[in-house]
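Grab a pencil and work through these exercises with the structure open beside you. Try each task on your own before you read the solution.

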Amino acid sequence: MSRVGIIGIGHGVFGRRSDATVQELAFEAFRDALEDAGIARDDIDASVIGSVPEYHKQRSLPGVVQEYLGVNPKPTWLTEVACASGSAAIRTAWMAIKAGVHEVVAVIGCQKMTELSTPEILGLMGRVGEVQWESVFGTTFPAYYALFARRHMHEFGTTRDQLLQVAVKNHHYGAMNPCALFRKEITLEKAKESEEVATPFQVYDCCANADGAACVILASEGAAREIAKKPVWLDGMGCATASMSVLRRPNLVGLPSAVEAARVAYEMAEVGPEDVKVADVHDCFTVAEILAYEDLGFCKKGEGGRFIADRQSYIGGKVAVNVDGGLKAKGHPIGATGVSMTVEIVKQLRGEAGERQVSDADVGLTHNVGGIGQYCFVQVLRRD
Amino acid sequence: MFKWFGKVNFSPYTKVAGFAQELRDGRLMASRCKACGATSFPPRADCAECLSGDFEFLEISGKATLHTFTKIVAAPTGFEDLAPYTVGVADLAETGRLLAWIGDTIAEDEIQIGMDLQVVPRIFEELEEIKVYYTLEKPGTAWTKTKSSA
């Protein structure tokens, strides 16, 4: 079966970008990706936008992005599955290429969040929970993951220190990433002093809302071999769902969508979790990274706390996780996040990650979660 | 009358709207499929098991145990005046799970996963319009049941 390759990557600076509109952010990432691929704008057959529309005043985002990039009259469309919108965009581009409809497709994840206030964002995000029976009690996004954290602590003895060690690690690597919102190391003591958000979470358990964009350019196997010096292949593409309501989940200590998406991706790529050298996982909250270690099979269910305490997810451990800083340090412009993950893994597999390079990285993985695990996309990427 | 359910209601129209009237009258209802007997909480009109749309309400005891909880300090729009508030997820004795505020009968330092609870129907007394909800309380907490107004 023919493969789909990534031939170009671009990544803007994440943060409070009061200097730019969402299409201007998209342009930065797109221009970088074109330059990286060494192709012209006319070589793009279509673009797919990953974004969550509720945050923008502009209705129907693909139109304004497509115009500003100057890619009219080529086709464009939007994908939306909450915080996994970026990976969904990559998946539809992959599908279009696999189907033979398009040969070269640009995927742009972009989001401008900071035009809304924090309570407005808390309200919007809380309604990614089920609104009929849950949001009526003022649930928030951190609160949902806090419910998982508390249950995980109860069942497996996971500790506050272990949760916050995820934040310490991700800030450690974020300090080395010029595109990250937070480029400073933090200590466990400092994290423990931060304000409560939704117990047991404090500020340092939570990723930050941000503006930003990232871009990947995908191509058919033939075109990728022709264009790219170091193509990276999307060999495993898993995607799965779980109930909208957390009340209807089998348990609150893992994300069944992540387990299923990982199973599909590993099977398609014919690899296992032990083969993965570097991964970008969806650490919207500290516990989410611990759930990811377990759901992806890097360790057994319940052992995620020990996995970080033993530094198994640092470079030099069993698998390097979020060594770009993760959502925690990079910031989380929701539509851009999935694409940002793929950009980082491509850098790692090309050997271009600089001081945070994982040696011998040949198989990488992304894990992009939408909502509270209602959607999950797992990609297994490989170099030649 | 589902607009009655919740301080801020996001879904006023539903096939299980009768739930809110029952709650106002002090009864907590699950749903039961008339075709196959499958029960659900939260109630649902269309059976997840056999796809039948023929359902009835089934009164449940509200006896429950605490599955997990969180104290929300940073509240969303519409709930700032209540913060901080503690939300619990409870496993219901008869069927399903429920999410609600942990009420006044339980002190913060008494909250423990696995503790026994009683779901208690409530009306927001301080609001002019009818707003109903439920809280998680200590077992044995009394509340008023009235005859249906229907």
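**Exercise 1: the strands of the sheet**

In strand β12(A), Phe377(A) is the bridge partner of Cys239(A). Before going on, a word on the model: it is a predicted one, where local features need pLDDT of at least 70 and side-chain atom pairs count only at pLDDT 80 or more, while totals for chains, interfaces and linings use all residues. Residues are numbered from 1 along each chain as its sequence is written, and chains are lettered from A and ligands numbered from 1 in the order in which they are written.

Task: work out which strands β12(A) is joined to, and how they run.

Step 1. Start with β8 (residues 232–241) of chain A: nine bridges join it to β12(A), and the two run antiparallel. Helices (H or I, at least four residues) and strands (E, at least two) are DSSP runs, numbered from the N terminus. Two strands pair if DSSP finds at least two bridges between them.

Step 2. Now take β11 (residues 363–370) of chain A, which is joined to β12(A) by eight bridges, again antiparallel. Here Phe377(A) turns up as the bridge partner of Asn368(A).

Step 3. Look at the hairpin of β11(A) and β12(A): four residues sit between the strands, and Gly371(A) takes a positive phi near 65 degrees.

Step 4. Check the cover on β12 (residues 375–383) of chain A: seven of its nine residues are buried. Buried means that 20 or more other C-beta atoms lie within 10 Å of a residue's own, exposed means 12 or fewer, and partly exposed is in between, with C-beta atoms placed from the backbone.

**Exercise 2: two helices**

Task: describe how α3(A) packs with α13(A).

Step 1. Helix α3 (residues 85–98) and helix α13 (residues 334–350), both of chain A, pack at about 60 degrees with their axes 5 Å apart.

Step 2. That makes α3(A) oblique to α13(A). The cut-offs: under 35 degrees is roughly parallel, over 145 roughly antiparallel, 65 to 115 roughly perpendicular, and the rest oblique.

Step 3. On the α3(A) side, the contact is made by Ser85(A), Gly86(A), Ser87(A), Ala89(A) and Ile90(A). Two residues are in contact if their C-beta atoms, placed from the backbone, lie within 7 Å.

Step 4. Of α3(A)'s 14 residues, 11 are buried, including Trp94(A) and Ile97(A). After the helix comes Gly100(A), with a positive phi near 80 degrees.

**Exercise 3: buried or exposed?**

Task: decide whether Ser2(A) and Thr139(A) are buried or exposed.

Step 1. Ser2(A) sits in the segment before β1 of chain A. It counts as exposed because it has 10 C-beta neighbours inside 10 Å. Not counting residues up to four places away in sequence, Ser2(A) touches Ser220(A) and Glu221(A).

Step 2. Thr139(A) lies in the loop between α4 and α5 of chain A. Thr139(A) has 31 C-beta neighbours inside 10 Å, so it counts as buried.

Step 3. Leaving aside neighbours within four places in sequence, the contacts of Thr139(A) include Tyr144(A) and, from the other chain, Val87(B).

Notes
Axes fitted to C-alpha atoms, helices over the stretch in contact; angles between N-to-C directions.
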